[in-house]
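Biologist: Please take a close look at a single strand of this model and at the sheet that surrounds it. I would welcome a connected account.

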Amino acid sequence: MGKQDVGITVSKKEDFSEWYTQVVLKAKLADYAPVKGLIVLRPDGYSIWESLRSTFDKKFARNGIRNGFLPILIPESLLGKEQKHFAGFNPEVFWVTHSGTNEIGDRLALRPTSETLAYTLYSKWIQSWRDLPLKINFWNTALRAEIKATKPFLRTSEFLWQEGHTVHSTKEEAEKEVLKILEIYKNTVEEELAIPVITGKKSEKEKFVGAEYTTTMESIMPDGKALQMGTSHFLAQNFSKPFEVKFADKDNVEHFAWQTSWGVSWRLIGAMIMAHGDDKGLVLPPKVAPMQVVVVPIYKNAEDGEKVISKVDEILDSLEQKSIRVHVDNREGLSPGFKFNDWELKGVPLRIEIGPKDIENQSMVVAKRYNLEKIKLNLNEIEKIPDILDEIQIEMLEKAKSESKDNTKNITDYEEFKEKIEDGGFFNSPWCGKLECEDKIKEETGAEIRVIPFNSEDNTKKCVYCKEPSVSIPIFARGY
RNA sequence: GGGAUCGUAGUCUAGCUUGGUAUGAUACUAGCCUGGGGGGCUAGUGGUCGCAGGUUCAAAUCCUGCUGAUCCCA
């Protein structure tokens, strides 16, 4: 009884979209807010974000990047200063038009992104080559009105993210920074979230409006759709000119600076849910799991209870000493089976079951969430738990890699392209580099160039669409 | 951008055609029993029927507008 209401009621394979929403809500990561397109993060969801944030902060700091804070309101006059950029964002900007009952002359935008605001300040802060490089990251939210159906973490009108903005004295240094950031993104997503990504450039059509070029990391989700996991843009001098971000070089000649901007959002959490979750619910990689181990004590009378609880206390102490995030589920009146299912729904990586039978033969049952495997360990093998968690982290990435590989195909024939795109997946298909072909393919198949992987230049093949000589082999896919 | 479906307790839902103050499950609270994969019994708590207006003696039900959600198509 009640099984259907508490757990996930659809299979990931049969109804991916519904499955996803149920996992988010039932694992208590997030909930819908009373305003269209907005969601509320609950502690388990926010905790994952905090974990990612702390990892990124460490890596950013090591790279000389510090955190700052920018206000959420940007005057229209400022936002409109870089024309292409403005045109790109304008349709989805929320506007503040009144303060109290008074109409505001220069309307205020709720930031869709902060380039214009940041660079207005940067132009004040930078005068000399000695002020460079300037590297600041901002953790905040951005607001972009979503007209399409929204989905928690993947498409929401307000989202948590970080936006980094750096300024450099040379083009080379700025371009190096773009790649350095992309590398940080890639290894963080792979190591922390256990999701494999492919890095490369966006096509001209898909790049960030205002950037000279955009580098990106993309992942293929289990439903065959592509998800953009993060982007790092080379802005060249496109913003430094209108915003007059200038510096006097050593030779006392004034130059426009070279800039980058980059960001990842809580969409990464959505990717993690999709990549690892199963029909029982969420599956969390140990590194970002708010709770890494849950201990379920099992007993039926006070006498057994005492013995079990004292063992559980020992386990708790031992794991806490090793900095493992551990929780004991001592809720009364719930059957062990209920608890097992409950923690599986929430995705806790390891569960330790311990009852009278275990005490008797000095053992414990350890259940791995990601493959639902149960093993029996001796009580003194509690020392092994950190290693088991590390193994799980690695195995989850391997599993995701192999799934990702299965979803990737080399396709050179357009008929085959059209047919197979219905099932989704990443298609490595040669391209002539022309916008017309890119547009046509998108129009006819719904697939777009997600990423032109680094080192995918290839002029020996024929464009999958027009059959003229190729310039590269990008990854085509339908996206989120 | 176009189309479809839907909104009733924390959650899911009956009732709507044919107007008369809301059904059941689950969850929650208490007690007892139970306990190694979603337990049982008993007794309770919980609702401006998405919002606003209209028709009517009377609206969850009929009408209008709004709003939110889900799915499909471009």
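**A covered strand and its sheet**

Modeller: Strand β7 is mostly covered, since ten of its ten residues are buried. The model is a predicted one. Leu134, Ile136, Phe138, Asn140 and Ala142 point one way from β7, while Lys135, Asn137, Trp139, Thr141 and Leu143 point the other way. Residues of both sets are buried, Lys135 and Asn137 included.

β7 has two pairings to describe. With β3 it pairs in the parallel sense, over three bridges, and here Asn67 stands opposite Asn137 in β7. With β8 the sense is antiparallel, and ten bridges join the two strands; Lys135 stands opposite Thr166 in β8.

These strands belong to an open sheet of eleven strands with mixed pairing, in the order β3-β7-β8-β14-β11-β10-β9-β22-β23-β21-β20. The edges are formed by β3 (66–68) and β20 (408–410); each has a single partner strand, so one side of each is left without a neighbour in the sheet. From one strand to the next, the twist averages 30 degrees. Further along the order, β9 (residues 198–201) and β22 (residues 448–453) run antiparallel and are joined by two bridges, with Lys201 opposite Ile452 in β22.

Helix α6 (residues 115–125) packs on the sheet. The helix touches β7 (134–143), β8 (158–168), β11 (226–236) and β14 (258–265), and its direction makes about 30 degrees with that of β8.

The nonpolar cores come next. The largest has 50 residues, of which Phe56, Phe153, Met229, Trp266, Ile269, Met272 and Ile273 touch the most other members. Helix α8 (residues 267–276) supplies the largest share of this core, seven residues. Not counting residues up to four places away in sequence, Phe153 touches Tyr20, Val24, Leu29, Ala30, Ile39, Leu41, Trp266, Arg267, Ile269, Gly270 and Ile273. Another core, of 28 residues, lies apart from the largest one and has Val293, Val328, Ile359 and Leu397 among its members. In soluble globular proteins, nonpolar side chains tend to be buried together.

Finally, the cysteines: the count of disulfides comes to zero. The sulfur of Cys437 is 3.6 Å from the closest cysteine sulfur, that of Cys432, which is too far for a bond, because a disulfide requires sulfur atoms within 2.5 Å. Cys466 is likewise in no disulfide, its nearest cysteine sulfur being that of Cys437, 3.6 Å away. Cys437 is buried, with a relative accessible area of 4%, whereas Cys466 is partly exposed, at 25%.

Conventions
Residues are numbered from 1 along each chain as its sequence is written. Chains are lettered from A and ligands numbered from 1 in the order in which they are written. This is a predicted model: local features need pLDDT of at least 70, side-chain atom pairs count only at pLDDT 80 or more; totals for chains, interfaces and linings use all residues. Side-chain values use heavy atoms; hydrogens and water are left out. Two strands pair if DSSP finds at least two bridges between them. Helices (H or I, at least four residues) and strands (E, at least two) are DSSP runs, numbered from the N terminus. Axes are lines fitted to C-alpha atoms, for helices over the stretch in contact, and angles run from 0 to 180 degrees between N-to-C directions. Contact means heavy atoms within 4.5 Å. A nonpolar core is a set of buried Ala, Val, Leu, Ile, Met, Phe, Trp, Tyr and Cys residues joined through side-chain atoms within 4.5 Å. Buried means under 20% relative accessible area, exposed over 50%, partly exposed in between (1.4 Å probe, protein chains only).
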